[in-house]
Amino acid sequence: MLLSDAQLEGLRGRLIVSAQAYPGEPMRHPQTMAQVAASAVIGGAAAIRVQGLADIQFTRSAVDVPVIGLFKDGHDGVFITPTIHHALAVAQAGAHIVALDGTRRERPDGNTLLQTIAAVHKQSGALVMADCGSLDDALAAAEAGADLIGTTLAGYTGERNKTKGPDVDLIASIAQAQLGKPLVAEGRIHSPAQARAALDAGAFSVVVGTAITHPATITGWFDAALRG
Ligand SMILES: CC(=O)N[C@H](C=O)[C@@H](O)[C@H](O)[C@H](O)COP(=O)(O)O
């Protein structure tokens, strides 16, 4: 699905909301996630990030903002849209932007990140967001042709400590590297102030997931505060 330069530019300085429910959870239903996505758009989300082919399809029908799609397979190692096969399926489902593992780790299908990105570009109209875990990942992903660079995997690959909130130092260092690609701050952004800080550190746009769309976790934060 094609995203014009103007549409991509429209995400500058804006909020992207990630709507994901995890295996076995009550809200794990494509229609539910599409409804959550549509609610986020009412609140000001300039784009939506969703996981799973059906969620991408339902969300495309429910919102008129760009959709970032991903396909999680497993939960450790390379699991975010890990292969060319997964990436093309995400594009086929209607994602404007295919989010995929953008680390320097070996991929399960043996293809390089460059080959994976090239396949998406050649066989679909979708852009590619590389979910990175470090500055070195970001440098390599930009070199490999990623259209957007995300900090999604900071704290999840062993290269960076898992900060309590967003890894603002990483956001700042990728921004300072001036890669010429939109930098999407993502991961553990739990408050409006943290979202603002990510933007001030040089992000092009900011993804918030859990703090907006994951009621079980949000409820737990409040519950823990009351229990002291
Ligand atoms: C590491 C990983 O698997 N991240 C996933 C990527 O899509 C999602 O589980 C996160 O919810 C998403 O990145 C948004 O981050 P947060 O929910 O922290 O605002």
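Isoleucine 149 sits across from leucine 183 of strand E7. Helices (H or I, at least four residues) and strands (E, at least two) are DSSP runs, numbered from the N terminus. This is a predicted model, in which local features need pLDDT of at least 70, side-chain atom pairs count only at pLDDT 80 or more, and totals for chains, interfaces and linings use all residues. Residues are numbered from 1 along each chain as its sequence is written. The protein averages a pLDDT of 98, and 100% of the residues score at least 70, pLDDT being the predictor's confidence in each residue, from 0 to 100. For the complex, the predictor gives an ipTM of 0.99 and a pTM of 0.98.

Zooming out, eight strands make a closed barrel with parallel pairing, in the order E1-E2-E3-E4-E5-E6-E7-E8. On average, neighbouring strands of this sheet are turned by 25° against each other, direction ignored. Here axes are lines fitted to C-alpha atoms, for helices over the stretch in contact, and angles run from 0 to 180 degrees between N-to-C directions.

Strand E1 (residues 15-19) is mostly covered, with five of its five residues buried. Buried here means 20 or more other C-beta atoms within 10 Å of the residue's own, exposed means 12 or fewer, and partly exposed is in between, with C-beta atoms placed from the backbone. In a regular strand the side chains alternate between the two faces of the sheet. In E1 both faces are covered: Leu15, Val17 and Ala19 are buried on one side, and Ile16 and Ser18 on the other. E1 pairs with E8 in the parallel sense over three bridges, with isoleucine 16 opposite valine 207. E1 also pairs with strand E2 (residues 47-51), again in the parallel sense, over four bridges; there, alanine 19 has valine 50 as its bridge partner.

Valine 207, in strand E8, counts as buried because it has 28 C-beta neighbours inside 10 Å. Setting aside neighbours within four places in sequence, valine 207 is in contact with Ile16, Ser18, Arg49, Val184, Ala185 and Glu186; contact means that the two C-beta atoms, placed from the backbone, lie within 7 Å. Valine 207 and isoleucine 189 are 18 residues apart in sequence, and their C-alpha atoms are 7.6 Å apart in space.

Now for the ligand. Its shell has 16 residues, and the closest are Ser18, Tyr156, Arg188, Gly209 and Thr210. A residue is near a molecule or strand if its C-beta atom, placed from the backbone, lies within 6 Å of it. Strand E8 (205-208) and helix H9 (210-213) are the elements that give two or more residues to this shell. By class, the shell has eight nonpolar, six polar and two charged residues. Ala, Val, Leu, Ile, Met, Phe, Trp, Tyr, Cys and Pro count as nonpolar, Asp, Glu, Lys and Arg as charged, and the others, Gly among them, as polar.

Arginine 188, one of those closest residues, lies in the loop between E7 and helix H8 (192-200). Arginine 188 is partly exposed because it has 18 C-beta neighbours inside 10 Å. Its phi is near 60°, a positive value in a residue other than glycine. Most residues other than glycine have a negative phi, and most peptide bonds are trans. Glutamine 178 also has a positive phi, near 45°, and sits in the loop between helix H7 (168-176) and E7. With 10 other C-beta atoms within 10 Å, glutamine 178 is exposed.

On to the helices. In helix H4 (residues 84-92), the buried residues are Ile84, His86, Ala87, Leu88, Val90 and Ala91. Their cover includes H3, strand E3 (67-70), strand E4 (97-101) and helix H5 (113-123). Just after H4, glycine 94 takes a positive phi of about 115°. Glycine 94 is also touched by arginine 60, as is Val67, not counting residues up to four places away in sequence. Arginine 60 is part of helix H3 (residues 53-62) and counts as buried, with 21 C-beta neighbours inside 10 Å.

How values were computed:
Two strands pair if DSSP finds at least two bridges between them.
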